[in-house]
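The sequence and the structure come first.

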Amino acid sequence: MTAAASASPSAATSTTGPAVTSSGASSTASAASAGDKGVGPLLRGWREQRRVSQLELALRAGSSARHISFVETGRSRPSEEMVLRLAEHLDVPVRDRNALLLAAGYAPRYPETPLDDPALDALREGVERLIQGYEPYPAFVVDATYNVVAANRGIAMLLDTVPEHLLAPPLNAMRLTLHPEGLAPRIRNLREWRGHLLAQMERDIALRRSEPLRALYEEVAAYPYASEGSPEEGSPESGEGAGETVPYFALPMQIEHDGRVLSFISSISTFNTPMDVTVAELAIETLLPADPATVKYLQSLMS
């Protein structure tokens with residue numbers, strides 16, 4: 001599960017899958033850290049991480065390199081509008097834009113609404129219809145740390161042999177996929193898929209600077225895994241459709257299920273213009289069948 005083709009839009013909770021939880025981490029720690037550092041060092045950190053010069057940022061934001069320098073060194077206090085403009089051009093996540101505003105002495109601009117709040121009823125209902133409509137193909141929704149907040153029956157099918165202790169809330173997509181008692185032993189191309197997921201998490205950590213996400217990465221990266229011993233692709237043990245040459249257009253997840261090898265390509269969707277921290281950190285992942293045998297098998301489950 002979880003992979004890397006981006007699209008739009010996404011996300012929320014459902015009662016159709018194996019787990020439903022409420023997301024929405026507190027911004028208290030970020031606010032305290034922001035207040036201690038000041039907006040200048042925070043902006044400089046984001047600019048350097050994005051590898052953008054002061055001059056380039058100034059040109060993007062309609063300012064001057066001198067003013068950017070003064071802001072970063074604390075000689076000039078940026079306006080609220082300037083903080084938001086710089087954050088936008090540095091692709092700063094919504095949660096961290098609030099932290100920048102607090103560090104500059106302004107109120108947070110973006111609320112963080114609990115996922116079970118009535119204000120998000122339309123969002124939850126819409127996404128529930130979306131992932132149900134995707135059945136029998138698997139689809140699920142995750143928050144910023146890959147906790148599953150909604151899933152359809154296609155995901156439940158893939159998890160039918162996972163032990164109960166891994167299915168206890170909060171259900172985490174990375175743990176489920178890479179844990180040696182989770183899906184990992186059934187993933188035929190685990191070396192490639194594991195490397196892909198860890199690289200994705202590294203990109204997310206660089207983008208979000210999230211300590212919980214870093215802790216999750218260190219946990220799952222340390223899981224032992226067997227890189228040898230799986231049946232070769234095309235062997236009799238590899239299931240229905242073995243021996244066929246399929247021209248995959250993206251890295252598939254090839255997973256054993258009920259004596260067959262199913263193959264999926266993953267796509268992740270997010271909101272384009274989120275105005276709420278919770279919504280900004282949600283993503284919906286769909287698993288698209290990557291070969292005719294997988295399509296045939298999944299459709300047979302609906303008949």
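## Conventions

Helices (H or I, at least four residues) and strands (E, at least two) are DSSP runs, numbered from the N terminus. The model is predicted: local features need pLDDT of at least 70, side-chain atom pairs count only at pLDDT 80 or more, and totals for chains, interfaces and linings use all residues. Residues are numbered from 1 along each chain as its sequence is written, and side-chain values use heavy atoms, with hydrogens and water left out.

## Loop residue Asn189

Asparagine 189 sits in the loop between H10 and helix H11 (190-208). With a relative accessible area of 8%, asparagine 189 is buried (buried means under 20% relative accessible area, exposed over 50%, partly exposed in between; 1.4 Å probe, protein chains only). Apart from neighbours within four places in sequence, asparagine 189 is in contact (heavy atoms within 4.5 Å) with Leu251, Pro252, Met253 and Gln254.

## Helix pair H5 and H6

The axes of helix H5 (residues 80-89) and helix H6 (residues 94-103) come within 10 Å and cross at roughly 145°. Axes here are lines fitted to C-alpha atoms, for helices over the stretch in contact, and angles run from 0 to 180 degrees between N-to-C directions. The crossing of H5 and H6 is right-handed; a crossing is left-handed if the near helix is turned anticlockwise from the far one by less than a right angle, and right-handed if clockwise.

On the H5 side, the contact is made by Glu80, Val83, Leu84, Ala87 and Glu88, and on the H6 side by Arg97, Leu100 and Leu101. These residues divide into 5 nonpolar, no polar and 3 charged. Ala, Val, Leu, Ile, Met, Phe, Trp, Tyr, Cys and Pro count as nonpolar, Asp, Glu, Lys and Arg as charged, and the others, Gly among them, as polar.

## Positive phi values

Most residues other than glycine have a negative phi, and most peptide bonds are trans. Aspartate 91, in the loop between H5 and H6, has a positive phi of about 55° although it is not a glycine. Aspartate 91 is partly exposed, at 47% relative accessibility.

Aspartate 258 also has a positive phi, near 55°. Its loop runs between strand E4 (253-257) and strand E5 (260-269), and aspartate 258 is exposed, with a relative accessible area of 63%.

## Cis peptide bonds

The bond from glutamate 135 to proline 136 is cis, with omega near 15°. Proline 136 lies in the loop between helix H7 (121-133) and strand E2 (139-142).

Proline 169 and proline 170 are joined by a cis peptide bond with omega of about -5°. The loop holding proline 170 is between helix H9 (164-167) and helix H10 (173-178).
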